[in-house]
Structure formats: structure tokens, C-alpha cells
Amino acid sequence: MEQSGAQTASMPRLEGLAEIVQNYSAPGTNLFRGGRVRTIAAGHYTVSGLSQHVRLGEFVAHQSATGVHMGEVVRVEPDLVYVCPIEPGEPIGVDDMVLRQGEFRLAPDASWCGRTISSLCRPIDGKGSLTHGTVERSITSLPPPSMTRSRVDKPFRTGVKAIDIFAPLCYGQRLGIFAGSGVGKSTLLSMLAKADAFDKVVITLVGERGREVREFIEDTLGDNMAKSVVVVTTSDESPMLRKMAPLVGMTIAEHFRDQGDNVLFIADSVTRFAHAIREVAIAAGEPPVARGYPASVFTEMPRLLERAGPGLEGSGTITAIISILVDGDNHNDPIADSTRGILDGHIVLDRALADEGRYPPINPLSSISRLARKAWTPDQEKLVSRLKSLIHNYEETKDLRLIGGYRPGTDPDLDMAVKQVPVVYDVIKQSPGDRMVIDAYTELANALRASLSGGNQAAANAKRGA
């Protein structure tokens with residue numbers, strides 16, 4: 001990696017730190033400050049001698065018996081610094097040397113497209129080392145000032161019919177996919193990752209099942225992998241690595257955005273990101289405040305999500321699509337409720353729809369895009385409003401129709417709902433292997449027109465027979 005000023009040690013690469021540790025001397029050095037391990041506990045260790053030289057969130061390098069390892073400062077006291085190790089299973093001994101390293105920084109490059117990397121920006125795809133760019137970025141950078149950001153007003157098509165009709169999106173929008181476990185979040189994300197509307201795609205898999213990583217990359221992305229960067233942490237890795245993965249992915253997306261690209265940022269899932277923050281915070285002694293979550297979780301979440309969106313005037317955009325695991329199918333759990341208030345829309349996946357075999361199991365009545373009016377034409381907005389009314393009427397009378405209480409001709413709106421809603425459901429069914437539809441409205445209109453003409457023909461035949 002290219003050096004930046006006096007900072008000659010690049011954070012993602014630790015190969016040169018052993019020599020720094022061996023040649024370490026305190027007098028006369030301003031960048032590298034050293035301390036010693038004093039106590040060791042599950043999830044963290046303490047260091048003396050660094051309290052005056054480090055800040056919260058900075059990184060340190062720990063010289064152990066097996067080499068140099070990294071840790072993040074999670075608590076600073078007058079005489080002790082609390083450090084969470086980055087890598088799992090790190091051997092730590094009392095009196096080991098620890099050096100200050102500053103912020104974790106990386107230098108993304110266009111050559112990273114097509115690569116799969118870890119949270120420490122190390123390649124894990126067996127394709128050789130990464131070429132680093134000329135500009136280093138902190139993984140905890142701030143979003144652009146709100147009054148200097150471009151406006152969000154240009155729509156695009158995802159190719160997923162249910163979303164394009166009922167919750168259309170715009171470049172720079174932030175959308176959440178809310179669902180319980182096993183309902184289809186990752187499958188829907190894989191469909192959205194195939195969208196052709198973007199110049200670059202950055203995908204962050206947080207705490208993913210290890211066996212699914214290659215399946216996602218090789219089967220799902222396919223040709224789109226050439227313009228994608230995938231940041232992977234598996235469920236067995238440390239909470240620090242799981243916490244860093246979305247931050248690293250967002251930093252890479254910001255690099256492409258500042259180059260003028262329209263970037264799709266996908267994170268699966270932000271809930272695991274929150275769980276990682278919780279583990280680190282509780283290990284540092286922070287008390288839980290909401291169903292086991294400490295306050296820092298609700299501080300870190302908006303810091304990450306606000307970095308997505310449009311950039312400065314003249315630059316590109318980051319469209320963020322993130323998944324949120326709804327614990328126990330409770331859509332009002334703290335993480336889901338907090339995230340929903342930050343995002344620009346939410347897609348709700350319904351377990352009952354999945355049980356019926358309707359995929360993707362998107363509930364059109366509960367799913368909202370706050371920027372839909374920028375994507376709809378006036379006629380499309382009227383059509384969707386009418387469809388939602390019919391779907392609501394259809395679902396509300398489901399029990400009545402099952403017990404035989406519905407009689408055709410008594411309620412024209414219900415008659416229309418009974419005829420057309422099943423057609424709408426058939427149109428928005430879609431599996432990952434289906435072709436991506438560019439104009440979902442045309443397909444829907446053709447299907448509704450065919451159902452109406454078929455109904456009129458049947459009525460005419462019945463009349464002639466009578």
C-alpha cells in the first residue's frame with residue numbers, strides 16, 4: 001500500500017509490524033507508543049502505558065508468541081486501556097508489548113472488483129494480493145454534509161417485480177428488508193444483486209454461514225462479479241471482524257461513489273452487525289439499555305447508514321439495500337424499530353406468504369418506499385393505490401370467503417378484488433432463476449387485461465347459453 005505522510009505502517013497489512021516491534025524505542029517517537037499487557041479476560045485485555053496516547057476506536061498492534069495481531073481500543077481509563085482482539089484465538093500473555101497504530105485505514109482501487117476480501121482487507125479468493133490505491137480512507141469516516149449532498153430523484157428498476165411495482169427505488173436510496181429467520185432475505189438480496197442499473201456493487205456478508213459464501217458468489221453473482229467487491233466475515237469469526245465488515249464495505253463503496261459511479265451497497269445482515277457491537281460493548285463493561293442492547297448500538301447504526309446515499313454534487317451515489325433479521329418475527333424489536341426510522345423505505349417479508357409458496361414473500365401492504373412518488377408516474381401511482389385497496393379488501397375477507405359467506409354481486413369492489421388480486425399475485429411471483437423484468441407494469445397490465453377479457457368472454461358465453 002502506498003504510504004501517507006508519516007504513517008509508514010499500513011493498517012490492513014501486518015507483515016512489517018514485527019520489525020517495528022523489534023526496533024521499538026520510546027524516546028523521540030510520536031507515532032508509535034508502546035505499553036504492556038496487564039490483565040486478560042474473556043473478550044478483552046488491558047494495557048498499561050498507553051492511556052495518554054490512544055483514543056477510543058483506534059487500533060493497536062500486539063506482539064504475541066505467534067506474531068503480531070491487531071486489537072481495537074474500546075475503553076480508556078487513566079492507567080489502563082481496554083482492547084478487544086481483532087482475530088479469534090489470539091494468544092495473549094501478561095507483559096506482552098502493545099503498540100499504538102491509530103485508525104484502521106485502507107486504500108481501495110478499481111482492481112478490487114471481482115475480488116473477495118476479509119474485514120482486514122486481505123484477499124481470501126486465492127487470486128493473489130490486492131493492488132492498493134493512492135488515497136487512504138478511514139473506515140469510520142463521516143458522511144458528506146447534508147446541505148452539500150445531491151438530491152435523490154432518479155429512479156431505477158431492480159428487476160424484482162413486486163418491488164418495482166409497489167415500492168420502487170431511486171439511486172441513493174436506503175432500503176431495508178425485514179424478515180424473520182428462514183423467510184428469504186438472502187434470496188431476495190441475491191436477486192437484487194443482479195440489477196444492471198449500477199456501475200459497481202459492494203456486498204458485505206456479516207456473520208454468514210461459511211458453506212454459503214461460495215454459493216452466493218459463484219451461483220448468484222455470476223457475470224456481475226466482475227463489477228463487484230465482496231467483503232466476507234463468517235459466523236465463527238470474532239465480533240470485532242463482524243463489526244468491521246460493513247464499515248470496510250461502506251468505505252470501498254464511498255471510494256467508487258467519489259469516482260462518479262452509481263454503487264449498490266448490500267449488507268446481509270445489519271442485525272449481525274448490531275450483535276457484534278453488543279458483544280464488544282458488553283465485554284468493555286457498557287451496560288445494556290434495551291432488551292440486552294447497549295446504547296452504543298443505537299449510535300453506531302445511524303453512523304453507518306448515513307454514509308450511504310448521494311454524494312456531493314457531481315459525484316455518484318450509494319444505494320444501500322440491507323437486511324434486518326426480525327427476532328421472533330417481532331417487527332418492533334429494538335434493532336428493527338431503530339433501523340426502520342433511519343431508512344428511506346422497508347420491504348417486509350411475510351412468513352405466511354412463504355408458507356403458501358409465494359416467492360419472494362413480499363407483503364405489498366406493509367412494504368413502503370418513501371421515495372416512490374419520485375419513481376411513479378401519476379397513472380402508476382393511481383394503479384398501485386387501487387391495487388393496494390383491492391388487496392386489502394381481498395385479505396380482510398379471506399375468512400368470510402372460506403366459510404362460504406361471500407356472494408358475488410353484493411359488493412362490486414370485492415367482486416373486482418376476487419377476480420384481479422390472484423392475477424396480481426401470480427404476476428409478482430418470481431424465483432432467483434427467472435429472467436429479470438425491466439417493465440413490470442406492462443406485464444401486470446397485460447395480465448389484468450387478459451383476465452378481464454377472459455371474464456367478459458365467459459359471461460357472454462353464459463348469457464348465450466341461457
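User: Which residues line the largest cavity?

Analyst: A cavity is a set of points, on a 1 Å grid over the protein atoms alone, where a 1.4 Å probe fits but cannot get out; lining residues have an atom within 4 Å of a point. In this predicted model, the largest cavity is lined by L353, R358, Y359, P360, P361, I362, Y425, I428 and K429. Local features need pLDDT of at least 70, side-chain atom pairs count only at pLDDT 80 or more, and totals for chains, interfaces and linings use all residues. Residues are numbered from 1 along each chain as its sequence is written, and side-chain values use heavy atoms, without hydrogens and water.

User: Where does the largest cavity lie?

Analyst: Domain bounds come from an automatic or database domain assignment. Domain 2 (106-375) and domain 3 (379-459) both contribute lining residues, so the largest cavity lies between them.

User: What is the volume of the largest cavity?

Analyst: A volume is the space filled by probe spheres set on the points, which are joined across faces, edges and corners. For the largest cavity it is about 50 Å³; there are 4 cavities of 30 Å³ or more.

User: Is helix α3 enclosed or open, and why?

Analyst: Buried means under 20% relative accessible area, with a 1.4 Å probe and protein chains only. Helices are DSSP runs (H or I, at least four residues), numbered from the N terminus, and strands are runs of E of at least two. Helix α3 (residues 185-192) is largely enclosed by the rest of the structure, because 6 of its 8 residues are buried. These are K185, L188, L189, S190, M191 and L192.

Terms used:
1 Å grid on protein atoms, 1.4 Å probe; cavity = no way out; pocket = protein on both sides within 12 Å on 5 of 7 lines; lining within 4 Å. Buried < 20%, exposed > 50% of the residue type's maximum accessible area, 1.4 Å probe, protein only.
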